[in-house]
Amino acid sequence: MLKSQKVDGVDCVPFYLKSTREGEPLDAKKAKFHIRTWDGEMHLLKLTLLSEIPADKRTDIEKQLAKQAYTHILWIPKDVKQYLDGDLVHNLPKGSIDMTQGIKIAGSVGPGAEKKQQ
């Protein structure tokens, strides 16, 4: 269901990242975002600086997220069998990263939501 894009020949889903620590930018090299598979293998993930995408090439979501101080795009492989039971991990302290897919769902969903009947 998530919109994907080919990155290095693999369908990936973009997730947008920013540091939660005021005045401390996200250090991608230190973070080393990767997937750890059930058998302990580590697979590094690709990051792109949002600022590297020219303003006229950014999607509406990317423009909004850039205004909200999101700085990186983390490309997570979609439907890669060996990663399905893996964990997304990084080397930064817990709670130091804000991560979003950038999609908002309009309307009410869940308990108490009313369904219009015609």
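**A guided reading of the chain**

The chain contains two helices and eight strands, where helices (H or I, at least four residues) and strands (E, at least two) are DSSP runs numbered from the N terminus. This is a predicted model, in which local features need pLDDT of at least 70, side-chain atom pairs count only at pLDDT 80 or more, and totals for chains, interfaces and linings use all residues. Residues are numbered from 1 along each chain as its sequence is written, and side-chain values use heavy atoms, with hydrogens and water left out.

Along the sequence, the elements follow the order β-β-α-β-β-β-α-β-β-β. Of the contacts (heavy atoms within 4.5 Å) with a separation of 6 or more, 70% link residues 24 or more positions apart. Of the 118 residues, 31% are buried, that is, under 20% relative accessible area with a 1.4 Å probe, counting protein chains only.

Strand β6, residues 72-77, is mostly covered, with six of its six residues buried. In a regular strand the side chains alternate between the two faces of the sheet. In β6, His-72, Leu-74 and Ile-76 point one way, whereas Ile-73, Trp-75 and Pro-77 point the other way.

The partners of β6 can be described next. Two strands pair if DSSP finds at least two bridges between them. Strand β2, residues 10-19, runs antiparallel to β6 and is joined to it by six bridges; here Val-13 stands opposite Ile-76. Strand β5, residues 46-49, also pairs with β6 in the antiparallel sense, over four bridges, and Lys-46 stands opposite Trp-75.

How values were computed. Buried < 20%, exposed > 50% of the residue type's maximum accessible area, 1.4 Å probe, protein only.
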